Amino acid sequence: MSRKINPLDTGNEPQAALGDAERKALEEIYRRVDEEVEQSGVKCWLRGDCCDFEKMDHTLYASSVELDYLKEKHPEPFSADSVLCPFWEEGLCVERERRPLGCRTYFCDGNYSEQLQSIYEKYHAEIRELAQHSKSPYSYEPFVAALRPRHDNT
Ligand code: SF4
């Protein structure tokens, strides 16, 4: 499954903080995503390839609501100068609780790619709907670049 999905809006305005209702709604979406992924039967092979963007030549995108949720816990921008995720440490994800939808639905086992893509699209639509009912503008951005300071986002 490719995670290169065209950005729908790459606005560069500062992101507003999430309200309580949005936060709870997003957490409930993630809970249901994880449940469906678990029910699909796909297993993590613990190879760490899914987060190795250079090796796998893929770009992870995330929506503004998801980025807001992550930035609540990590308010300081990362000064990463690589394409790799700052939460990927020694081959493991250290931010599983707030990782975005794209991370939750991407596995090395290609036998599940259609099923996982379907789960991704279903919940991405829900997240987009959630954003449209919130005051923060919707955007869909390359995940790692969005975590950097704005002047590095070129
Ligand atoms: S947030 Fe976690 S799962 Fe997602 S790319 Fe970063 S290290 Fe990997």
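Me: Which pattern does the protein follow, read along the sequence?

Reply: In this predicted model, the protein follows the pattern α-α-β-α-β-β-α-α-β-α, and its secondary structure comes to six helices and four strands.

Me: How should I read burial, and what percentage of the residues of the protein count as buried?

Reply: Burial is read from neighbours, in that a residue is buried if 20 or more other C-beta atoms lie within 10 Å of its own. By that count, 29% of the 154 residues of the protein are buried. Helix α3, residues 64–73, has seven of its ten residues buried, so this helix is largely enclosed by the rest of the structure.

Me: Which residues of α3 are buried, and what covers them?

Reply: The buried residues are Ser64, Val65, Glu66, Leu67, Asp68, Tyr69 and Leu70, and their cover includes the helices α1 (20–40), α4 (101–104), α5 (113–132) and α6 (143–146), together with the strands β1 (61–63) and β4 (140–142).

Me: Is glutamate 36 buried, partly exposed or exposed?

Reply: Glutamate 36, which is found in helix α1, has 17 other C-beta atoms within 10 Å, and is therefore partly exposed. Glutamate 36 and leucine 116 are 80 residues apart in sequence, yet their C-alpha atoms are 9.1 Å apart in space. For the protein, among contacts between residues at least 6 apart in sequence, 87% join residues at least 24 apart.

Me: Which residues surround the ligand?

Reply: The ligand is surrounded by Cys51, Leu60, Cys85, Phe87, Trp88, Cys93, Glu95, Arg99 and Cys103, a shell that divides into seven nonpolar residues, two charged and no polar ones.

Note on methods. Residues are numbered from 1 along each chain as its sequence is written. This is a predicted model: local features need pLDDT of at least 70, side-chain atom pairs count only at pLDDT 80 or more; totals for chains, interfaces and linings use all residues. A residue is near a molecule or strand if its C-beta atom, placed from the backbone, lies within 6 Å of it. Ala, Val, Leu, Ile, Met, Phe, Trp, Tyr, Cys and Pro count as nonpolar, Asp, Glu, Lys and Arg as charged, and the others, Gly among them, as polar. Helices (H or I, at least four residues) and strands (E, at least two) are DSSP runs, numbered from the N terminus. A residue is buried if 20 or more other C-beta atoms lie within 10 Å of its own, exposed if 12 or fewer, and partly exposed in between; C-beta atoms are placed from the backbone. Two residues are in contact if their C-beta atoms, placed from the backbone, lie within 7 Å.
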